[in-house]
Amino acid sequence: MRERADPPARRHPVLRALLAAGDDGRIEVASSTTTRLLGRAPGELLGTPLAGLLGADGVAAVEQTLAAPTGDRGLLPLPVPAGGPEFDVTVYRADGRLVLELEPATAPRPFRFSQFYPSVRAALTRLQHERSVVDVCAAAVAEIRALTGYDRVVAYRFEGRSGPGEVIAESIVDGLEPWTGLWFPASDIPPQARRLYERNWIRVINDVDDDTAALHPPALPGGSVPLDLSDSTLRTVSSFHLEYLRNIGVASSMSVSLLHEGTLWGLIACHGLTPRRLDPEIRAACEFFGVTLSLQLAALQEAETARARQQARTTLAQLIGTLEPDPLRSLPEHAELLAALVPSDAVVVRLGGAAEAVHGDVSAAALDALWPELPELPAGEIWTSECLGEHAPALAGHADTLSGVLVLSLGDGDLIAWTRRERRATRTWATDPAVPVRVGPRGERLTPRGSSAVYQAVVRGHSLPWTAADEAVAADLGRAVSSIALRQAARLTELNTQLRRANQDLDTFAHAAAHEMKEPLRGIAATVAFIGEDAGDGLDATTLRRLETVESLANRMDELVNSLLHFAQLGQGDLRREPVDLRDAAARAVEIAGARLVENDVRLTLPPSGTIVSADPARLEEILINLLVNAAKYARPEQPRTAEIGYTDRAVFVRDNGIGIPEIHHGDVLKLFRRLHAKDAYGGGHGAGLAIVDRIVDRHGGRLWLDSVPGEGTTVWFTLGADPEA
């Protein structure tokens, strides 16, 4: 497309002036237009008291305006100079200075709000009857055009904080081409301009061909920085923007910001085909209209979010009710409910570093590329992206299955991710989006806009945007999971406390009972012995045999009580952990258990020196003694008979090639006084050995388990927990 030729330059005088006064009340900055509007050149005004121009009453009125509760800026009529023609004066502060923008008064005086308000109220009432964002904006642009008289008034909605804008509503005079549905590149309103729109609700250009009014001096006194005019409503805009307006045939304009939570959501843009000057009261009404419209749009969005949350609340309640008692581990079991919470193409649950797509389909390669690009999030935090390729270029190639993601952190790297694939959309652009700026004879210029310069382009790499409702529902789920986890943790703590008390009570009872039972048992054994001695040869064989049985039972009971007493004592007292050479501990255990090994011809292999474990030396020796005795007791009938003590993968093992233990009984043999054989088989015993070993291992914070095959042997494995002083 050929560039449109510039119209002949026509310069118009600027009908406004600017003054800035310091803390001492003296004028420090003046615009070049003061000569024409005030009859005094800037050089004459610099350094003079502001009161000399406005009079004492005028200065007092300015200070009173800025001292009001909403005194960041204000508008008041003042005769300038004092006793002269009346001006509309906008006042605010910038760089610690008082700034005044003066315009010749044009509105009838005095202004009566009661006459002006009914039309504004009627317009706002009509807005409140609309139920959608587009309908509200359509009503708004019609009202603003009727209020201001501009030829075109459009409502833009921006895609994200820095994205392009779409015209969603407009009101135009007959004969102008429609713009509804057109997209305008993000470069039309660059980031610095968007920040100014967020700072100022309204911005007016009376005539794009106005002369530029220079400030004197160009920099503030005592520095090289010019006066900050960010809060100015009438300041000269960039030549680049003026070029843009001329390029689309606009002679005057006004923009009204539409903000949501302090962020630029959209704009009401007003265009005039001829120069148009709005008096301050109309501008104030438009600013008020913009504020009210922003609130109305925010209310619609909040209502939409509330409706979506209400619809999801039933699903969320159902999901929460199924997460007990282990909320994290049970999440993958409820994929359909997770998918119903947030509209998505797939739901991925990552627990303990392992990710699983529990609903829908997303490629494993895409997920592997995603995880390193996610920010670290505390539990309950939400992170979203609808264009992962822009966030991380490495993800651009996965847009067909993964273009957008909403992540809910569950803490410690666990998360739920709702994913969306690429949504290819054809947009109608008012200019070529690939070349929004062209270089011509006069340098950079924005290319023509309007339906005569329509371009069709397919948007790639973007998913359907995540809504505020999507994020709110995910956050609700995060809070629910955290709440359940906290309740479960508190419940588990209470159960552990109760269990610890019960174990302590049981240990105390067992110790006391065992201790008290020993005395009567010794009495029984002694009494039987006395009966035998006193009776001499007078007892018949049957009575003598019965007395021997009583004595044997009393002795066996004493041994059981001793085992019970020892088992109870293991639950009391502190462990004395220290580094222990496993070979030395095994050698000391052999001093006691060695005779049984020799008696049963069992060949023992000891671990190499230097194998260090952290344990209570006496308790570790007791473990090894019990296990070696078992290796000798349950040795296989034929040779060779072997036993081995070793250490691998941070676990100690005692292995034999004896008779073995059926897997079904692996849990039984760890119970106190539980034997798998007759009491006199395999050398007898009380069935306390492995129970004592398991108790000692548990006291160390470790774990014990068996590998055993009947007829092939048994390996007893155990860990000793972490050294608390390590």
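Predicted model: local features only at pLDDT ≥ 70, side-chain atom pairs only at ≥ 80, totals over all residues.
Which residue in E5 is the bridge partner of Ala21?

Residues are numbered from 1 along each chain as its sequence is written, and side-chain values use heavy atoms, with hydrogens and water left out. The secondary structure comprises 17 helices and 28 strands; helices (H or I, at least four residues) and strands (E, at least two) are DSSP runs numbered from the N terminus. Of the 726 residues in the protein, 45% are buried, where buried means under 20% relative accessible area, exposed over 50% and partly exposed in between (1.4 Å probe, protein chains only).

View 1. In E5, Leu98 is the bridge partner of Ala21. Strand E1 (residues 17–21) and strand E5 (residues 97–104) pair in the antiparallel sense over 5 bridges; two strands pair if DSSP finds at least two bridges between them. The open sheet has 6 strands with antiparallel pairing, in the order E3-E4-E5-E1-E2-E10. Its edge strands, each pairing on one side only, are strand E3 (73–79) and strand E10 (215–216).

**View 2. The two faces of strand E15.** In a regular strand the side chains alternate between the two faces of the sheet. Strand E15 (residues 382–385) has Trp383 and Ser385 on its covered face, and Ile382 and Thr384 on the uncovered one. E15 runs antiparallel to strand E16 (residues 404–411), to which 4 bridges join it.

**View 3. The kinked helix H15.** Helix H15 (residues 582–599) has 18 residues and reaches 24 Å from its first C-alpha to its last, close to the 26 Å expected at 1.5 Å a residue; the expected span is 1.5 Å times one less than the number of residues. A kink of about 65° is centred on Ala593, the bend at a residue being the angle between axes fitted to the seven residues ending there and the seven starting there. At the start of H15, a side-chain oxygen of Asp581 comes within 2.9 Å of the backbone nitrogen of Arg583. Asp601, which follows H15, has a positive phi, near 55°.

**View 4. The buried residues of H15.** Leu582, Ala585, Ala586, Ala589, Ala593, Gly594 and Leu597 are buried in H15. The elements against which the buried residues of H15 pack include helix H16 (617–633) and strand E26 (651–656).

**View 5. The largest nonpolar core.** A nonpolar core is a set of buried Ala, Val, Leu, Ile, Met, Phe, Trp, Tyr and Cys residues joined through side-chain atoms within 4.5 Å. The largest has 30 residues, of which Leu620, Ile623, Leu624, Leu627, Ile645, Leu704 and Phe718 touch the most other members. H16 gives the most to this core, with 7 residues. Leu627 touches Val654, Leu690, Val693, Val716 and Phe718, not counting residues up to four places away in sequence; contact means heavy atoms within 4.5 Å.

**View 6. Glu622 in helix H16.** Glu622 is found in helix H16, and counts as buried because its relative accessibility is 13%. Its side chain makes a polar contact with the side chain of Arg619 (3.1 Å). A polar contact is a pair of N or O atoms within 3.5 Å; within protein, one must be able to donate a hydrogen and the other to accept it, and residues adjacent in sequence count only if both atoms are side-chain atoms.
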